[in-house]
Amino acid sequence: MQELIRQRRRAGFVGRNDERAAFRANLEIPPEDERHRFLFHVHGNAGVGKTFLVRELEQLAREKGTLTAYVDESAGSVPEALAAICQQLAAQGARLRKLEDALTAHRERRHEAEAEVAALEPTPEGPSPLTTTAVRLGVAGLGLIPGAGPFVGAVDSAQLAEGAARIKTRLSARFRNQEDVQLVLAPERVLTPKFLDELADVASTAPWLVLFFDTYESTGTFLDSWLHQLMTTDRYGELPANVIVVTAGQYPFDTARWGAFADFMTDVSLSPFTEAEARGLLAERGVVAEPVVAEVLRLTGGLPVLVSTLAESRPDDPDDVGDPGATAVERFLKWEQDPVRRRVALECALPRFLDADVFRAVVQDCAEDEARALYDWLRAMPFVSERGERAQYHDVVRAPMLRLERRRSPRGWAERHGRLADAFAGWREERRADSGDDPWTDKRWRELRLAEAYHRLCARESAALPEVLGDVVQACVQGLEEARRWARVLTEAGEDTQAAVLGRWGRDLLDALEEPNTAGALGLLLDRAEFDDTGHRAFVHAIRGAVLRSSGELRGALLEFDRAIALDGDLAHAYHGRGIARSQSGEYAAGMADLDRAHALEPHNARILATRADCHRLVGHYDAAQCDADRAIELDRTQYNAWATRGAIRDVFKQYDLALADLDQALALKPGYVWALVHRARVRRSRGEHELQLADLDRAVELSPDIAWVLCERGDALGAAGREVDALADYQRAIDLDDTYASVYASRGALHAQHGRYEPAMADLDKALRLRPEYQWALLHRCRAHLRQGRYDDALVDANRAVELGTGYPGVLLNRAYTNMAVGRLEQAQQDLESCLTSGDEHRRLAQVHLWSGRFEEALTELDAAAALGGDTAKEADVRCSVYLYMRDWPNARQVAERHLALDEATGLLNLALAVSGGEGLAAARPLWERLALLDRPEDGVLLAVALRATSSSWPELDDHLHRALVAPHGWPYLAAVSGCLDILLHSDGTDRARLEPRLERVVAARDAMRARYAE
């Protein structure tokens, strides 16, 4: 049917010959020819025939075998425009499958965003930290303007000048799943590259691909910047050369933006028909009687939509044309002789759109067959255009029809709008069963509610307005697109009813919604709307708080949450939101108290529990975090963020199999969940599954190629795998994307330090800490870099500072213990180690402290504990052998050394040579020392070199090695090991004690001097 209607309309297309010829000629010019134009912009006043011309150009393109897609004001955003293009190209056999999948993900994330956008201030777990938690109202008013960030305009200019970089870094590090954040906040950044990638393949199958963007005065608000970047830059990729874009709107293109593109575009300015064109159209329809033609010309002013509308009725009698009381609409319809059709045409102007159901709700007093025939007739009228599966009156015709109906019978007007409102309400209730827990997340339900609201306003504006403003609040929760739709409906209802209050509300809301979020609109509602109770007002304050928090305005967010709680002390969502905002501000105790209160008010709310679980995890309360995550999963097994949080907690507990299972479940519930992919990669690293680790990170980068923290995570993995060049490339890409992201500098600095490049290492680590002064991971790695350079005072400062910032962060106490050991502060090291005995490695380190302190039995006890917990068996054997050597228990030392030999040849052989030398003398150990001489390599260290020179009586070489050992920056444990080795040799039979003893004294003096210097 639709195609027949289109063919009928096109058969009568008259005029615009020059415009059609120019477009047709352009299809004959190859793209590389400088005469070819890539863009046509059609513009002119309402009713001038822009849509008719665009549809005609589309048919001309189709005749050339061209693929086409048409977008109009039914699309409210770039993703919706891309969805329309996808659907139409697929109908022509050219599917964009990757883009379809991405659009599906976008819609899902929009529905889920209220549970994932708000985030907590991270306490980093590694070189690339990222955390987030769920919050019920988090999606409220997120900015989706193409090219605008999520918080531009939400803070004043001073804040932007002083804090933009800080906010950007915090938001980047705060969100758990960065691809999801991009799909909600800036979906065009994710969707457009996929669109262009597939468009290249599709465009290669046809001579041309033409994209039509109609009603550009409406769609241009979100399309213009995006389209300009698409056609004039390579930000998203390359647009195929055989793509032509046609735009049509009421206004000329913005020369400030498009001026430089003038040589590549054609400006098509449409004016009303000339008299000759109008007469030609009338003649084509059989209207040739001069009095009638003259009257049509006078009434229409040459506007094509009106000329076409009057011509369609083929009038042949100009009777009563001079009646001064007749309106333009009456004159348009008086030539339609069928009174039923006349009535249907007028009454069907009331709804904003038509389909068969809406038509039957308007036209109720005729049989079904007659109704179908009337509907087909109406859709064929020139003033009715197709909008997908719906039909819509042209504004130029609908507006005077509405005025006529309202003035003719105000009661009838109100009754008919009331019936339509009731019809939409009934359909909405039917849809409610399929809308889940929150119908506002269902697009179709929202459309029905919006249509109902329009008709309620038209029926009784004063009675309907308070409820509709309450619905505007709910629309703000869904974001800018939905809020603008509701504001436009208020504006339209105000124009259609001549109700000034409705028009003012609509205009003021639209002005407020020019900001990149809905905070201004919500503020306007709080200032002027009369909500029915304090609970409703509290709810609005809570929503506005969530918007401000998501935009980085924590101070304003906290004020809104405070106001909400003051009005309603039992509003769990307000406590939930304030708890997250306080945590983002670093007030973890206060934030946790709010989350506790939210949980007390709604103990079965899985989202609140999942949020609190992540907050516990951030501050190191891992047992409490797991308890909350367990309960959240028990209440709602679809809470993917609870599964992911529990997986991260189990990773901390080194329960790698369980952690992997939880993260697998999170990803099963939400494929493409980047935060879970990254944390699963960390678990795989702990399990030694390095290929799978990199596979997860490669997938994460594929999903989020423009997110710095994901690149940083992969850079860390590549560096650990020895792929230093690739790691540095990822770090640089991350910096290019976000040069305020502290983690990437810390990671690159750590990699430089690992390879001995201390100057760039310190520069990067210093910058990381300037950007984030409380960044514990960076402090730990700068501390270690200081130790490697012998800068022990600086190392102690960093180690102590990291502990001051909080011992809940993994590794801070252990790092300070190592730093204290490095300067011989054994008592302080022992205290820290005893506070963090969670693995065999910590027990082994504590055994070393006991060894150096002369507590040999305690050392052996700790080594037994280390063996029971597992860990580095070779290092445990080395320390155990050292204990027996210091005890002069030569048989046990020899036994352990022989076992150690199979694990680490060089160290094991050295220990065995020392055990034999101490027990049986140098002569008995000579074969072992000779074997060791064959292993005398620089990488085996100065200790081996010193031992070999001492046992071979190579005194000048020994002196040279000792000099270098004492001058170079070596820590106290190294000096203790060298002195211990020389002391064993000094008391071995066959040693030249007279020559060795003074050399040992030099080492002991250096060892003791270092310990004395750093003693408290």
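**Close-up 1. Trp-929 and its contacts in the predicted model.** Leaving aside neighbours within four places in sequence, Trp-929 is in contact (heavy atoms within 4.5 Å) with Leu-910, Ala-913, Leu-914, Ser-917, Leu-922, Ala-947, Leu-948, Thr-951 and Leu-985. Together with Leu-982, Trp-929 has the most contacts inside the largest nonpolar core, which has 133 residues. Here a nonpolar core is a set of buried Ala, Val, Leu, Ile, Met, Phe, Trp, Tyr and Cys residues joined through side-chain atoms within 4.5 Å. Buried means under 20% relative accessible area, exposed means over 50%, and partly exposed is in between, with a 1.4 Å probe and protein chains only. Helix α51 (residues 972-986) gives the most to this core, with 10 residues. Helices are DSSP runs of H or I with at least four residues, strands are runs of E with at least two, and both are numbered from the N terminus. A second, separate core has 84 residues, including Val-468, Leu-480, Val-489 and Leu-513.

A note on reading these views: this is a predicted model, in which local features need pLDDT of at least 70 and side-chain atom pairs count only at pLDDT 80 or more, while totals for chains, interfaces and linings use all residues. Residues are numbered from 1 along each chain as its sequence is written, and side-chain values use heavy atoms, with hydrogens and water left out.

**Close-up 2. Helix α23 and the helices around it.** Helix α23 (residues 500-512) has 13 residues and reaches 18 Å from its first C-alpha to its last, close to the 18 Å expected. That expected span is 1.5 Å times one less than the number of residues. Which residues of α23 are buried? They are Leu-502, Gly-503, Trp-505, Gly-506, Leu-509 and Ala-512. These buried residues pack against α20 (443-459), α21 (461-478), α22 (480-497) and α24 (519-528).

Close-up 3. Strand β1 (residues 39-43) is mostly covered, with 5 of its 5 residues buried. Leu-39, His-41 and His-43 point one way from β1, while Phe-40 and Val-42 point the other way. Two strands pair if DSSP finds at least two bridges between them. β1 runs parallel to β4 (residues 243-249), and 5 bridges join them; the bridge partner of Val-42 in β4 is Ala-248. β1 also pairs in the parallel sense with β5 (residues 265-269), over 5 bridges, and here His-41 stands opposite Asp-267.

Close-up 4. Side chains of opposite charge can pair when their charged atoms come close. A salt bridge is a side-chain nitrogen of Lys or Arg within 4 Å of a carboxyl oxygen of Asp or Glu, and the whole structure holds 79 of them. One joins Asp-662 to Arg-650, with the closest N and O atoms 2.8 Å apart. Asp-662 is buried at a relative accessible area of 3%, and Arg-650 is buried at 12%. Arg-1002 and Asp-959 form another salt bridge, with their closest N and O atoms 3.9 Å apart. Arg-1002 lies in helix α52 (residues 993-1014) and Asp-959 in helix α50 (residues 955-967), so the pair ties together parts that are 43 residues apart in sequence. Arg-1002 counts as partly exposed at 37% relative accessibility, as does Asp-959 at 24%. Elsewhere, Asp-422, Arg-428, Glu-429, Arg-449, Glu-452, Arg-456, Glu-467 and Asp-471 are linked in a network of salt bridges.
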